[in-house]
Amino acid sequence: MSPDISLICTVYNEEDLIRELLKSVLEQNRTPEEAVFVDGGSTDNTQNILEEYSEEHDLIRFEVEDGANISEGRNRAIELAENDHIVGTDGGCILKENWCGEMEKAFEDGNKALTGLFEPIADNTFETVQGELRAGHFKPENVLEGQPPSARSIGFKKQVWRDAANFPEDLYTGEDAKFCRKVEEAGSDWHVVHGAMVQWHMRPGSKDCW
C-alpha cells in the first residue's frame, strides 16, 4: 500500500523564486497529499504568493511563524503535517518531476530515512564556483549508501524525527547536519534515493551567499 506523504518546507523572503518551487510541487508525477510551508516572517511578497496558491490548490497549506529560525520552521511544519511519511525541501529549490515518486518507492521498500540528491543552478561564474564548493559532494557519482542528506532533499518517517528529538532549534546554520547525526545515533540509517533530484539556485553574489 502506497504511503500518504506530506512535503514540508520553510521559507523567508523568497518572492523571486517561490513560484518555481510551488509549480514544481504541483507538477510532480506523484504529488504529495499535502505541502506544508512555514514562513518565518517574510517582509516581501512571499506570503501573498503562498496565500494565492493555497486558495487555488487544496494540497498547498501555509502558516506564518514570525521570527522562527529554519529549525523552528521545520519542526512546526512537521507538527502540522497530517501524514507519517515526510519529504522536505527548501526555498530556492525546484523539484524534478519524479522526485516525490522516487521518495515514495524508497518508503515502500521499507526505508525510514532517505537521502535525496541535489544539483546547483548557476547563471554566472560566481554561481558555478559556488555550486562546486557547496554541492560538488552531492553529485550522483559521489554519493554513497548511508550518506546523510541535506534538508533540501530529504525524507523520513515522523517517528524518526521524534526519535532524533526534532531539528535542533538552537542552531541557525548546520542544523540539518546535526539532525542527520541525531537520526543515526537514534538507530536509523540513511538510504540514498538516486532518482530523487532537486535543483538549487545559487546565490547571485558574495553578500547574498554570506
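1. How many bridges join strand β2 to strand β3, and do the two run parallel or antiparallel? Strands β2 (residues 34-39) and β3 (residues 60-64) run parallel and are joined by 5 bridges. Strands count as paired if DSSP finds at least two bridges between them. The strands (E, at least two residues) and helices (H or I, at least four) are DSSP runs, numbered from the N terminus. The bridge partner of V36 in β3 is R61. Between β2 and β3 the chain passes through helix α2 (residues 46-56), and this β-α-β crossover is right-handed. Right-handed here means that, with the strands pointing away from the viewer, the path from the first strand over the helix to the second runs clockwise.

2. On provenance: this is a predicted model, in which local features need pLDDT of at least 70 and side-chain atom pairs count only at pLDDT 80 or more, while totals for chains, interfaces and linings use all residues. Residues are numbered from 1 along each chain as its sequence is written, and side-chain values use heavy atoms, with hydrogens and water left out.

3. The largest nonpolar core has 29 residues, and L7, L22, V25, F37, I60 and W99 have the most contacts inside it. Such a core is a set of buried Ala, Val, Leu, Ile, Met, Phe, Trp, Tyr and Cys residues joined through side-chain atoms within 4.5 Å. Buried means under 20% relative accessible area, exposed over 50%, and partly exposed in between (1.4 Å probe, protein chains only). Elements that each supply at least two residues of this core include β1 (5-11), α1 (18-26), β6 (113-121) and β8 (191-201). Helix α4 gives the most, with 5 residues.

4. A second, separate core of 19 residues includes V38, I78, A164 and F179. F37, by contrast, is listed among the residues with the most contacts inside the largest core. In a regular strand the side chains alternate between the two faces of the sheet. Leaving aside neighbours within four places in sequence, F37 is in contact (heavy atoms within 4.5 Å) with residues including C9, L22, L50, I60 and F62.

5. The disulfide count is 0, where a disulfide is a pair of cysteine sulfur atoms within 2.5 Å. For C9, the closest cysteine sulfur is that of C93, at 7.4 Å, which is too far for a bond. C9 is buried, with a relative accessible area of 1%. C100 is also buried, at 1% relative accessibility.

6. The whole structure has 3 aromatic pairs. Rings of Phe, Tyr and Trp (its six-membered ring) pair if their centres lie within 6.5 Å; planes under 30 degrees apart count as stacked, over 60 as edge-to-face and the rest as tilted. The pair F167 and F179 is stacked because the ring centres are 4.0 Å apart and the planes are at 20°. F167 lies in the loop between α6 (158-163) and α7 (175-185) and F179 in helix α7, so the pair ties together parts that are 12 residues apart in sequence.

7. S153 sits in the loop between α5 (125-135) and β7 (154-157) and is buried, with a relative accessible area of 1%. Beyond four places in sequence, the contacts of S153 include G88, W99, M103, L117 and V198.

8. N13 is in the loop between β1 and α1 and is partly exposed, with a relative accessible area of 29%. A165 is in the loop between α6 and α7.
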